Amino acid sequence: QAQLVESGGGLVQPGGSLRLSCAASGLVLNYYSIGWFRQAPGKEREGVSYISKNGETTTYADDVKGRFTISRDNAKNTAYLQMDRLKPEDTGVYYCAAAPWITSIQALVAVDLYDYWGQGIQVTVSA
């Protein structure tokens, strides 16, 4: 059974860092682009970042540019989201998702193009 599992979330102070991992099993991540999404309490899920199958193309939401870095290690079947200089407004449940066919323009909005989703992991930024 194919699945994505996020890890690395938790509680961090403003200005701190976290590194989220998205480990895939039952599917070969090479064949999928990866998106990271988040959902804050009372808000809709929003796209945070995207990375293409070969890692050459990345996309970021405007409010995380320069603070978050997406990467992947296809040999380990894992994708990552390095989050630095975290702010309270980054708080939410973070999800990774895998899409077989999606463009960088679609990646942060076309959630229906993602075939697999992780269960989500809580990130809380608070003093």
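How many bridges join strand β4 (residues 33-39) to β9? Seven bridges join the two, and the strands run antiparallel.

This is a predicted model, where local features need pLDDT of at least 70, side-chain atom pairs count only at pLDDT 80 or more, and totals for chains, interfaces and linings use all residues. Residues are numbered from 1 along each chain as its sequence is written, and side-chain values use heavy atoms, without hydrogens and water.

Strands are DSSP runs (E, at least two residues), numbered from the N terminus. Two strands pair if DSSP finds at least two bridges between them.

| Partner of β9 | Bridges | Sense | Residue pair |
|---|---|---|---|
| β4 (residues 33-39) | seven | antiparallel | Gly35 opposite Ala97 |
| β10 (residues 116-117) | two | antiparallel | Tyr116 with Ala98 |

β9 spans residues 92-99, and seven of its eight residues are buried, so the strand is largely enclosed by the rest of the structure. Buried means under 20% relative accessible area (1.4 Å probe, protein chains only).

**The largest pocket.** Its volume is about 180 Å³. A pocket is an open set of points on a 1 Å grid over the protein atoms alone, where a 1.4 Å probe fits, with protein on both sides within 12 Å along at least five of seven lines; lining residues have an atom within 4 Å of a point. The volume is the space filled by probe spheres set on the points.

The lining includes Arg38, Gln39, Lys43, Asp63, Arg67 and Thr91.

How values were computed
Buried means under 20% relative accessible area, exposed over 50%, partly exposed in between (1.4 Å probe, protein chains only). Helices (H or I, at least four residues) and strands (E, at least two) are DSSP runs, numbered from the N terminus.
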